[in-house]
Amino acid sequence: MAILTKDEAQALLKKVLSYSKADECEANLTGTNTGNIRYARNAVSTSGGVSQTNLVVSSAFGKKLGVATINELDDASLEKVVRRAEELAQLAPENPEFVPFLGPQKYKDSITYVPATAAITPKMRADAVSQSLQVAKDGKTVAAGFLQDTIGYAAMMNTKGLFAYNTYTNVNFSVTARTEDGKGSGYATRGYNDITKLDTKSVTKIATDKGLKSAKAQAIEPGKYTVILEPAAAAVLIENIFFGMDARQADEGRSFLSKPGGKTSLGEKLVDERVTIYSDPWNPELPTSPWTGDGRPQEKVSWIEKGVVKNLTYSRFWAEKKGVKAIPQPDAIVMEGGTKSLEELIKGTKKGILVTRLWYIRNVDPQTLLLTGLTRDGTFYIENGVIKFPIKNFRFNESPVIMLNNLEELGKVERTVSVESNANYLLPPMKIRDFTFTSLSDAV
Amino acid sequence: MADVALNAARSKGASYTDVRIGRYLNQYLITREDKVENVVNTESYGMGIRVIANGGWGFAATDRMDNDSIAKAAELAVSIAKENSRLLTEPVKLAPQRGYGEVSWKAPIEKNAFEVPIKEKADLLLSVNDAAMKGGADFINSFLFTVNEQKYFASTDGSYIDQDIHRIWPTFIITKIDHASGKFETRNALSAPMGMGYEYLDARPQDKIKGVTTLYKERYDMLEDARLGAAQVAEKLKAKSVEPGKYDLILDPSHLWLTIHESTGHPTELDRVLGYEANFAGTSFLTLDKWESKKFTYGSNIVNIVADKSQKGSLGAVGYDDEGVQCGRWDIIKDGVLVNYQTIRDQAHILGLNASQGCCYADNWSSVQFQRMPNISLLPGKEKKSIDDLIKGVEKGIYIIGDGSFSIDQQRYNFQFGGQLYYEIKNGQIGGMLKDVAYQSNTQEFWNACVGIADESDYRLGGSFFDGKGQPMQTSAVSHGSSTARFSGVNVINTARKLG
């Protein structure tokens, strides 16, 4: 069993630190038990159960840092990994940017652990997949999917007196339903901390319906179109803004947030004034760890308010240099929306394209955050407020920053999962004008 | 330990079992400008047990290596297989595989990178950074990644296989900023991740190809590349923005490897063709009927592409794959026609083969092995032809060096690629540098537009440490070789945009 209790983790970390001869030492301990089941061609393919632990030891002599990891936890291995981190630190040149480890911190209690999820068995997984397969077969589609559950813990301790511990559970499910002739494909995914919220039947029904409706797609010319992005499609574009909020990159002039003369977009209007984005680790819909990997407590942070950049992320070194607060990477991101449902957004669209999923997103130009990728698993042409017919997939080249300046309307917020990063978000569906599709794809 | 797992699984009802005991060592050196930001050594040790019971697969992995924990993991693998067997449409059918007894394989490295002192490696990266900064760069981030996989495989077929695998990847990103305009450009290293030891960094004159920049064969001169990169990134800032349209492309192996990877490597994975990756990585346009026809023209008749898991210095080279099959080489595209796929033991019968092609791999002891891409490479042209010979024939073209942005659809039809360096070609002559370049094409159209391939004297490897596939996702390291090649009439777009 790879899951240690708070007391067990604390005792083990104390032992690790007892071996330290460095000026400072910090140890991060994690463990997970995961179970998964994978299926394709309407039958189970591979599945498994994995139990693993990882111990990361960071040792510092002055401003010289070494890091070593190990997953064997006997006394000899614990001492070995500490000695190795110390050797690396002694051999490494001094890093003037080294910041001493944090002292004791206060953390709020988390809501990340759900006992029901921790109690999943191989039979429960097989039953959940069996239900999904039945829905796919009833719909005359061929299903491929994946269900994975995890119970885990993370603990850290350092020689400055910091100690943190958290347990969590999560379950992720995704399914693709393709028509038997391979001409239609639909996808749906859900992620929760609590397995009781997951209904594989209803998720598979969404994928099956999309798969059937997307068959016999027609080709229309690439170009600039008004699009309605479902939250899953919006997530994989917009998250690239959050990934690039680093203050140092912006200050150094090598970010989409950099401006001529060494200035940045901090405090300036970046996108449409209806865009407000914040991170809230205490939102009950997005449970997350109360602390970050380096021990900083998580807090609610405003990133974009009414279109204006309100905060950037700061490493502890850069924050110290700039004399500002060190703000970690956002977690549990919420984008405010409107009151309309997806159907109402479609109803109010004279001519446009409904995009349900985007795929293979890559950065083309970091200067403008230009991204490329393709639509996938259900793209539809809208005319006079109704879906007219499914269309062939497009490649797009678009920047989420430009896109959020071309905002027409936001719908009602819902929880979604990024298929690129696996992160969960609360995001609205959104209507965007002049979204740039550059070529057609024959892929289904 | 392996026998404990094999016996425990058999006693619980497994009809087949394989066991992988692995120790995975990684080292990362991370620097920027005049600072070593981090030195990290990672080590992971454990066992993965895969079984067939009631006709279905089960897998369990543990890092607790006492006999009791191993037996429990074997028991869990069998119970998962039995539980899932009710969801099968047909039982797993394994291609026959003889046991090899006790055998071993070791990567033919000359200098173990893990035995090179940290100081020597840090000094190299800092000298590279210094060269770039003195050359006018504003920033440089440089990295050295080294990997050692020590793997032991045992199966109920009677194989006990010990393997020692090494990989290395030195790389950097140079950034130059025009503070007045706020524009910036980057230039990445032209190195390749390799299945080699530290000898990859022993620069030798015979491994250099001199042209608009220096290109590298089996050894890499990181210092020289950084000096050249610093000058080129400044030139990139001033380069002409490309006029969109049709161009003949001359693609260097440091760029072409990624196009081969995405447009040939992935669509010829048999698990994708069959639909096993439909929920994540996708399926393939290279359906079985195209292979069965024996006349599907994937590319022009000079396009010959091979799979090879025995290629010296490549990332995918091993003696045996992760289900105990000895590795080799076979044709994928022959004279432009699709002739084969990449298979593992439970797929071989679908192609009428009575043996696996040895493409099974797991990225860790904790991951279940499945079909992964072997090294997939474009064979050099048969006629004597240099890079200059290729360029001479081009009226309007672009010479692209280094890999950049990449994206391809889930069936591998439509792709878009960028690079590191773009040079305009006019009337057979290389002109100035271009920027904002990306090309879009369709796989079959693109490979049928291949009208020239340089000879074997230009052959080089590129590759990736991080090919992603599967759920849960696993990474795999794979190389792709080629000589410089010419593609006619490819659509080039301009990627410049304005914010605000």
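**View 1. Strand S13 (residues 333-335) of chain A pairs with S22(A) in the parallel sense over two bridges.** The model is predicted: local features need pLDDT of at least 70, side-chain atom pairs count only at pLDDT 80 or more, and totals for chains, interfaces and linings use all residues, while side-chain values use heavy atoms, without hydrogens and water. Residues are numbered from 1 along each chain as its sequence is written, and chains are lettered from A and ligands numbered from 1 in the order in which they are written. Two strands count as paired if DSSP finds at least two bridges between them; helices (H or I, at least four residues) and strands (E, at least two) are DSSP runs, numbered from the N terminus. A:Val334 has A:Leu426 in S22(A) as its bridge partner. Helix H6 (residues 231-243) of chain A packs on the sheet and touches strand S10 (277-279), strand S11 (301-305), S13, S21 and S22 of chain A. The direction of H6 makes about 105° with that of S22(A); axes are lines fitted to C-alpha atoms, for helices over the stretch in contact, and angles run from 0 to 180 degrees between N-to-C directions. Contact means heavy atoms within 4.5 Å.

**View 2. Six strands of chain A form an open sheet with mixed pairing.** The order is S12-S11-S10-S13-S22-S21. Strand S12 (308-309) and S21 of chain A are the edge strands, each pairing on one side only. Strand S21 (residues 414-417) and strand S22 (residues 424-427) of chain A are antiparallel and share four bridges. A:Val417 stands opposite A:Asn424 in S22(A).

**View 3. A salt bridge joins A:Asp209 to A:Lys205.** The closest N and O atoms are 3.1 Å apart; a salt bridge is a side-chain nitrogen of Lys or Arg within 4 Å of a carboxyl oxygen of Asp or Glu. A:Asp209 and A:Lys205 are separated by about one helical turn because they are four residues apart in helix H5 (residues 200-213) of chain A. Over all chains, the structure holds 62 salt bridges.

**View 4. An open sheet of four strands in chain B has antiparallel pairing.** The strands follow the order S14-S13-S12-S17. Strand S13 (residues 329-334) of chain B is joined to S14(B) by two bridges, and B:Lys334 stands opposite B:Val337 in S14(B). Helix H5 (residues 253-265) of chain B lies across strand S12 (305-308), S13 and S17 of chain B and runs at about 115° to S17(B).

**View 5. Chain B and chain A meet in a contact with 80 residues from chain B and 90 residues from chain A.** Between them they bury about 7100 Å², 51% of it on carbon and sulfur atoms; buried area is the accessible area (1.4 Å probe) that two parts lose on being put together, summed over both. Seven salt bridges are counted between chain B and chain A, including one between the side chains of B:Arg32 and A:Glu252 (2.6 Å, N to O). Strand S2 (residues 35-53) of chain B gives the most to the side of chain B that touches chain A, with 11 residues.

**View 6. Strand S2 (residues 43-61) of chain A and strand S3 (residues 56-62) of chain B run parallel, joined by three bridges.** A:Gly49 stands opposite B:Ala60 in S3(B).
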